[in-house]
Amino acid sequence: VRRAFRRTYDVTDLAMGAADVLRSNDIGTMVTAAPALYPHMWSWDAAFISIGLAHLGVDRAGQEIRTLLAAQWADGMIPHIVYGDRGGYFPGPGRWGTAELSASAPQAPLTSGICQPPVHAIAVGRILEVARRGSAEDRAAGEQLVRDSWDALYRWHAWLSQYRDPDGTGLIAVVHGWESGMDNSPRWDQPYTAVVPGPDLPPYVRLDRELVRDGAERPTDLEYDRYLWLIEEMRRASYDPVKVYDTCSFLVADVFVSAIFAVASDVLADLGEEFGQPAAHVAELRTWAARSRAAVAASCHPETGLARDFDRRTGQWIDVETLAGFAPLICGGLDADAERALLATLHGPRWAGHPELVAKVPPTVSPDSAGFKSREYWRGPQWPVVSWLFGWAHARHGHTAAAATLRTETLKLVGDGAFSEYYEPVTGEALGSRMQSWTAAVILDWCT
Ligand code: 9WN
């Protein structure tokens with residue numbers, strides 16, 4: 001039986017609620033990704049969070065970016081978790097052991113040993129836009145942030161290019177599903193079959209199970225064994241990026257990360273030109289952007305038009321239909337007809353316009369796909385933060401009406417004010433963590 005979904009929202013109330021979430025998750029040095037489930041800083045969360053913070057104060061937004069960049073590894077990697085003083089999350093810093101094992105990792109703050117999608121330049125660009133709508137102080141703070149962060153962001157992109165695409169294919173590889181940000185997406189099911197936890201996997205206790213009551217909303221125990229086994233493999237390689245690339249049993253060229261890398265490299269190059277950064281570095285960013293954009297376009301399946309990941313260990317394309325297939329809409333690069341067709345597919349009856357959905361927001365897996373699980377994390381639910389990213393990209397590529405629809409439909413979905421991590425697409429039920437910072441941040445950006 002379909003539950004009636006009639007969620008009304010008031011933009012001012014939503015903005016106030018979102019601001020409250022960000023303020024209450026702010027522990028001074030960082031805004032935690034979520035109050036209980038994620039009590040530390042996550043890399044791509046911090047970028048989106050800083051966009052929301054810009055509406056509360058450009059200085060505070062800049063501080064969030066600076067906190068993240070202060071944890072950048074000596075080789076240029078921005079780590080996926082920067083640990084605060086609180087425990088409460090597994091795996092914690094002890095399980096990674098990065099400070100002991102890697103000469104590149106900082107001794108303080110402690111961090112994980114992998115990375116996440118490079119959305120940071122997009123965030124700095126957006127903070128600058130918000131700053132320029134504000135006072136003279138805001139404007140100055142926004143411009144100072146660009147000057148202070150540009151080189152670190154350039155080094156981060158250089159790291160991805162050098163160590164995750166050593167052959168210059170344009171597709172950036174991930175060595176762990178967590179690096180994609182879409183941890184248990186069906187995209188990774190096949191490559192994860194090659195990750196076989198050894199008998200020497202140290203025992204561990206999951207903490208997320210106690211915090212999300214319905215276990216079906218989180219990854220399975222088998223998935224967790226594989227996540228933890230990959231950490232063991234990386235420890236054995238001392239987090240040396242060349243050794244990790246050569247030895248890790250999971251190595252997949254991620255088309256969604258590659259699309260983000262392409263468009264973020266362009267944003268960073270634009271900022272670099274405007275702020276007088278070294279011309280050679282700006283030119284490199286343009287080359288990386290063009291190469292990745294072309295590689296994302298070339299990955300598209302000839303019949304479905306969806307972009308695909310490539311398993312570098314088996315040498316096979318991964319033909320699994322998920323939201324990541326719309327990667328070309330993030331970075332551009334298709335010819336006009338193909339782009340229009342892909343946009344129509346995203347907003348059409350198999351995806352965001354599916355007749356069963358309560359809000360016209362793209363689910364992570366189509367309800368018509370065999371792999372669709374309506375409550376299970378990255379296997380079906382709608383993630384407001386991902387919708388914001390598509391909305392931002394639509395606006396950048398001139399798809400103004402589609403961008404506006406994503407905004408109003410997502411606001412309808414989150415109209416209950418729970419600011420959940422993800423939503424059940426058929427009932428609109430809030431799932432995962434409540435008061436999730438990046439959900440609040442993107443809603444605040446959309447409501448201000
Ligand atoms: C592992 C913090 C992070 C997001 C990821 C999301 C989830 C962590 C987890 O939470 O991942 O990194 O414990 O499940 O998948 O995208 O950055 O919000």
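The model is predicted, and local features need pLDDT of at least 70, side-chain atom pairs count only at pLDDT 80 or more, and totals for chains, interfaces and linings use all residues. Residues are numbered from 1 along each chain as its sequence is written, and side-chain values use heavy atoms, with hydrogens and water left out.

I'll start with the empty space. Rolling a probe the size of a water molecule over the atoms shows where empty space is left. Two words are needed here, both defined on a 1 Å grid over the protein atoms alone. A cavity is a set of points where a 1.4 Å probe fits but cannot get out. A pocket is an open set with protein on both sides within 12 Å along at least five of seven lines. Lining residues have an atom within 4 Å of a point. Points are joined across faces, edges and corners, and a volume is the space filled by probe spheres set on the points.

There are three cavities of 30 Å³ or more. What takes up the space of the largest cavity? The ligand does; a molecule sits in a cavity if more than half of its atoms lie within 2 Å of its grid points. The volume of this largest cavity is about 220 Å³. It is lined by 19 residues, and Tyr38, Trp42, Gln116, Asp183 and Tyr377 are the closest to its centre.

Now the ligand itself. Around the ligand are 17 residues, the closest being Asp45, Tyr89, Gly181, Asp183 and Tyr377; a residue counts as near if one of its heavy atoms lies within 4 Å. In that shell, 10 residues are nonpolar, four polar and three charged. Here Ala, Val, Leu, Ile, Met, Phe, Trp, Tyr, Cys and Pro are nonpolar, Asp, Glu, Lys and Arg are charged, and the others, Gly among them, are polar.

Which side chains make polar contacts, meaning pairs of N or O atoms within 3.5 Å, with an oxygen atom of the ligand? Tyr377 has a polar side-chain atom 2.4 Å from a ligand oxygen. For Gln116 the distance is 3.0 Å, and for Trp44 it is 3.1 Å. Taken alone, the ligand exposes 410 Å², and the protein buries 100% of that, by the Shrake-Rupley method with a 1.4 Å probe.

The second largest cavity has about 70 Å³. Its lining includes Trp73, Asp75, Arg164 and Tyr239. At least two lining residues come from each of α7 (136–164) and α12 (241–247). Helices (H or I, at least four residues) and strands (E, at least two) are DSSP runs, numbered from the N terminus.

Tyr239 comes up again in the backbone. It sits in the loop between α11 (221–236) and α12, and its phi is positive, near 60°. Most residues other than glycine have a negative phi, and most peptide bonds are trans. Where are the cis bonds? One joins Phe90 and Pro91, with omega about 0°, and another runs from Ala108 to Pro109, with omega near -5°. Pro91 lies in the loop between β2 (81–82) and α4 (93–96).

Last, the open spaces. The largest pocket holds about 440 Å³. Of its 23 lining residues, Ile122, Gly125, Arg126, Glu129 and Trp392 lie nearest its centre. The helix α6 gives the most to this lining, with seven residues.

Technical notes. Polar contact = N/O pair within 3.5 Å; in protein donor to acceptor, adjacent residues only side chain to side chain.
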